[in-house]
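Biologist: Could you put the structure up, so that we can go through it together?

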Amino acid sequence: HRADRCDKGRRGRHGERRVQAGVFMRYKVYAGTVDVVFKSSTQARFRWKKKTLVYDSYGDAVEGEETEGILTDPVVDLENKEPGTFTCEVPYKAETRFGTVKNPYYDEIKVGETWMMVEEDGECIFFGRVTETNREFDLSKTITADGILNELSQMQTRLTGGTYQTTDGANHSILAIALKPNQADKGNSPVNCMERGNVTVKSQSIDTTDSGDQFGSFWTILTTYLLEHEKGKDGYLRLRLANDPGTEDYFFYYDYMTDEDMPTTDQTIEYGVNMLDLTLEEKRTSELVNSVTAHGISTVKKGWWIFSRTSYETITATAQNTLSIAAYGLCSRHIYVDGKKSTADSLKKAAQEQLDDYKQVIEPTLTVKAFDRRDTGENVGKLGFLLRTHILSQPHEMDRWMICTKLKLPLDSPDNKQFTFGLTSKKLSKRVDAITSAINNVKNALFGLIGHVNEDDSSS
């Protein structure tokens, strides 16, 4: 028995879309199981073993594409350098034209076995494994699926001590080690089905010799030595679903790109047009460090020949960011350098290297609640995750281009989309001088006397 069209999970507030199917943005959710096939040791593909359309924001508008299950309250949460999540409810019962029946898909979604995929106008924006189900008092189930990158946190490997490139190298870079196929350590998970896409973040050398062999998850290695490391943290990690031509063999391209290489939408978020709310958060956290003191031991020899005497003295050296200290107050760390041959210069270098690995400025985040004009049927580019977007609000003296680094998308209520725009980290010496007076006013309001924002070049 098919669920009646008035069911919330299939019609909700968008029942009118059946009249003009194809005009508005369309969201679909699929659930099922997959098989992974290794075509070689360096190439893997996944195929849907079972695939069911369980949610469609158009309801039953399109002939032959009716949903076979019922989901309610579907929400996608995406964030840069995070796996992302999908949540929904699976009601126990459904009202149909034949009366009340058990949800035909109620028992089909299983932890660990079921994979969920979310499409926006035919483009995959989420793919992940069901990791949690909770049965509520009314027998409905709350389902949580974690994005495919979460698989990397469940699988461990060994990183031998040595020198690595961060992004260059098909097999030996940190990026490749974490994301390339590896059946021995990753089993038959679809996370093996990855291929290098657009990588524009400049590769740099990482030396892990002093740490020796390290054992940890692929995600920990990727995060520690690239995504959150000073030598690679300014990138944007993106997955794109693809398939071999003429087949249903799927894989993901992984992109790691700089801000200037990210795609742009031609839709502006503008006060009085489609902006519903705006919040700019500035918070001093434990990640902010502007002073590092290194402690070590130096060897001192006095006298000559049989009268010589060797002693050891404790010495220190400090590296500081004085502009950061003036703006936010002292936030310090202390480190100890092994050995007995430290000098003032060597400790100063060690302290500076450690300081460079910390954030030295507060990086504000801008959260905007807006409705996507594309959802109202306008012929305009969509707002979306990891898209460079123009944000314009004269009352807030804001006129800048920023990249959406976080998105909360309720599929059955797209006019409540919540976009978060993060400012990427850049050093104070790279401040843009040729900037409009309006933006300078915003900077001063945000950061005080040494206001620091990371403006995109296109907004200068």
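Predicted model: local features only at pLDDT ≥ 70, side-chain atom pairs only at ≥ 80, totals over all residues.

Biologist: Which residues touch the most other members in the largest nonpolar core?

Modeller: The largest nonpolar core has 42 residues, and Phe46, Trp48, Phe127, Leu175 and Tyr256 touch the most other members. Helix α3, residues 218-227, supplies the largest share of this core, with seven residues. Another core of 38 residues lies apart from it, and its members include Val76, Val368, Ile391 and Met398.

Biologist: OK, rings next. How many aromatic pairs are there?

Modeller: The count comes to nine aromatic pairs. In one of them, the ring centres of Phe46 and Phe127 are 5.0 Å apart with the planes at 25°, so that pair is stacked. Because Phe46 lies in strand β2 (residues 43-56) and Phe127 in strand β8 (residues 123-135), the pair ties together parts that are 81 residues apart in sequence.

Biologist: And Phe46, is that buried or exposed?

Modeller: Phe46 is buried, at a relative accessible area of 1%, and Phe127 counts as buried too, at 4% relative accessibility.

Biologist: What about Tyr92 and Tyr106, how are their planes set?

Modeller: Their planes stand at 85° with the ring centres 4.9 Å apart, so the pair of Tyr92 and Tyr106 is edge-to-face. Tyr92 sits in the loop between β4 (85-90) and β5 (93-96), whereas Tyr106 sits in the loop between β6 and β7, 14 residues apart. With 26% relative accessibility Tyr92 counts as partly exposed, while Tyr106, with 3%, counts as buried. The charged end of Lys141 also sits over the ring of Tyr106, 4.4 Å from the ring centre.

Biologist: Which residues form the aromatic cluster with Trp115?

Modeller: Trp115 forms one aromatic cluster with Phe46, Trp48, Phe127, Tyr250 and Phe252.

Biologist: Changing topic, where is Thr114 found?

Modeller: Thr114 belongs to the loop between β6 (99-102) and β7 (115-120), and with a relative accessibility of 2% this threonine counts as buried.

Biologist: What does the side chain of Thr114 reach?

Modeller: The Thr114 side chain reaches the backbone nitrogen of Lys110 at 2.8 Å and the backbone oxygen of Glu108 at 3.3 Å. Leaving aside residues up to four places away in sequence, Thr114 touches Ala31, Gly32, Glu108, Ile109, Gly128, Arg129 and Val130.

Biologist: Last one, which ring does the charged end of Lys51 sit over?

Modeller: The charged end of Lys51 sits over the ring of Tyr30, at 4.4 Å from the centre of that ring.

Definitions and conventions:
Residues numbered from 1 in each chain as written. Heavy atoms only, no water. Core = buried A, V, L, I, M, F, W, Y, C linked by side-chain atoms within 4.5 Å. Buried < 20%, exposed > 50% of the residue type's maximum accessible area, 1.4 Å probe, protein only. Helix = DSSP H or I, 4+ residues; strand = E, 2+ residues; numbered from the N terminus. Polar contact = N/O pair within 3.5 Å; in protein donor to acceptor, adjacent residues only side chain to side chain. Contact = heavy atoms within 4.5 Å. Phe/Tyr/Trp six-rings, centres within 6.5 Å; stacked < 30°, edge-to-face > 60°. Lys NZ or Arg CZ within 6 Å of the ring centre and 35° of its normal.
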